[in-house]
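Hello,

Here is the structure I promised to hand over. Please open it first, then read my notes below.

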2 protein chains.
Amino acid sequence: MKNRIIDAAEKRFSQYGFRRVTMDDIASDLGISKKTLYLHFKSKGDIAWAVKERMHRDIDKLLQRAKREIPGPIERFKKVIAEVTSRVSVMGSAFMTDIKKEIPDLWRECEEFREREIYEYIGGILKEGVKKGKIRKDIDTKIAVMSYLGAIRMIIQPEILMKNQFSIEDAFNNILKIFLEGIQK
Amino acid sequence: MKNRIIDAAEKRFSQYGFRRVTMDDIASDLGISKKTLYLHFKSKGDIAWAVKERMHRDIDKLLQRAKREIPGPIERFKKVIAEVTSRVSVMGSAFMTDIKKEIPDLWRECEEFREREIYEYIGGILKEGVKKGKIRKDIDTKIAVMSYLGAIRMIIQPEILMKNQFSIEDAFNNILKIFLEGIQK
DNA sequence: CTCAAGGAAACTATTTAAGTTTTTTTAGTT
DNA sequence: AACTAAAAAAACTTAAATAGTTTCCTTGAG
């Protein structure tokens, strides 16, 4: 049950931020009462911490595995970016703006994580690609990663997908195509 | 003074959405008191309407001029996208999510505007480029435009620029470069 | 039928912020 | 220097929203 709560919260936080999401929303999404929700977590903030912790764990695992299993920068980048982006949109601006004010410690940890694991690690894959002559050297790798994340965040939302009749897969593929073409030599 | 208020509000709304931005914030940004703010606008909602109306006017003007003056799709796209994107981030998700709840009529008008002027008009430039064989035909033009807007929204924020020491110009150019390379044949 | 668990609803307390009013400050004029 | 009007700053009122808590109602198992 804890995991279901974290799932539901992650989904909501990623779309609406922290403040805008009420405990009633989360409970309703799960078909449980607030009372039951509070059986599992002491507070809304605790849920946010749990979301962050699980996500960080998962992404760490993913990045370690990719490092071990995939030698080439482009393939590794593809693999990593496809799996990471669907998870990190919770660290998009509304959630971060909200927790910066309301749970500053959590914000700090998320910032560090984002900086270290996302931009440096993934940016590092791109830098490797630059070295190997597979990726253009006239672009900033951090801007590249951020651009991609921004595009994903803009499009991979239930309402947008539904309204425009994009399948998740098509949308991902389109974005990735543009992006990869844009960064490769 | 009205224009200064609209400027300040647009900036804040684009970054933080509607709800999160207080009248105190806007007044403070302008170095005026709330009392003076209310001399010019009856309510916070009125300011939001004014922001929308001015922006729509400006973008309409811009799009008309580009249509008249620039024949080629790629050049027209470049011109339009550079000028439009710095303006439409106010229609990013936090602001829209907020007004959808709080000022539904405004939301509807912004949605229509966005759909018509941004995605269709600009997407139309891209479609023209597809026809003329300058742009790849295997990407969805709407996803392309949205991707670009998402990237801009992610990066062109004061805190991000400052923290990473990107100049606005460099950031814009980097993003545009990736993007153009990604969509062109 | 009874009872425990959990959903739904109601409640309390707190926070937030729009909009309004009062107090203080500032700048200009005499 | 004194006075005044305008505006900033501060304080206030009111309403809304929501976290967290408690009570009521329903459901399912034994």
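Start at the DNA. This is a predicted model, and in it a base oxygen of DNA strand C lies 2.9 Å from an N or O atom in the side chain of B:K34. One of its phosphate oxygens is 2.8 Å from a side-chain N or O atom of B:K44.

Which elements give two or more residues to the surface near DNA strand C? They are helix 3 (34-40) of chain A and helix 3 (34-40) of chain B.

Now the wider surroundings. DNA strand C is surrounded by 15 residues. The closest are A:R19, A:T36, B:K34, B:Y38 and B:K44. The surface near DNA strand C is made up of five nonpolar, five polar and five charged residues.

Then look at the two protein chains. Chain A superposes on chain B by a rotation of 180°, with 0.1 Å of shift along the axis and an RMSD of 0.1 Å. That is how a two-fold axis relates two copies. Look for A:G182 to find the axis: within chain A, its C-alpha is the nearest, at 1.9 Å.

One last point, on the interface. Of the interface residues of chain A, 97% are also interface residues in chain B, so the copies meet through the same surface.

Best wishes

Key:
Residues are numbered from 1 along each chain as its sequence is written. Chains are lettered from A and ligands numbered from 1 in the order in which they are written. This is a predicted model: local features need pLDDT of at least 70, side-chain atom pairs count only at pLDDT 80 or more; totals for chains, interfaces and linings use all residues. Side-chain values use heavy atoms; hydrogens and water are left out. A residue is near a molecule or strand if one of its heavy atoms lies within 4 Å of it. A polar contact is a pair of N or O atoms within 3.5 Å; within protein, one must be able to donate a hydrogen and the other to accept it, and residues adjacent in sequence count only if both atoms are side-chain atoms. Helices (H or I, at least four residues) and strands (E, at least two) are DSSP runs, numbered from the N terminus. Ala, Val, Leu, Ile, Met, Phe, Trp, Tyr, Cys and Pro count as nonpolar, Asp, Glu, Lys and Arg as charged, and the others, Gly among them, as polar. Copies are superposed by least squares on the C-alpha atoms of residues with pLDDT of at least 70 in both. Contact means heavy atoms within 4.5 Å.
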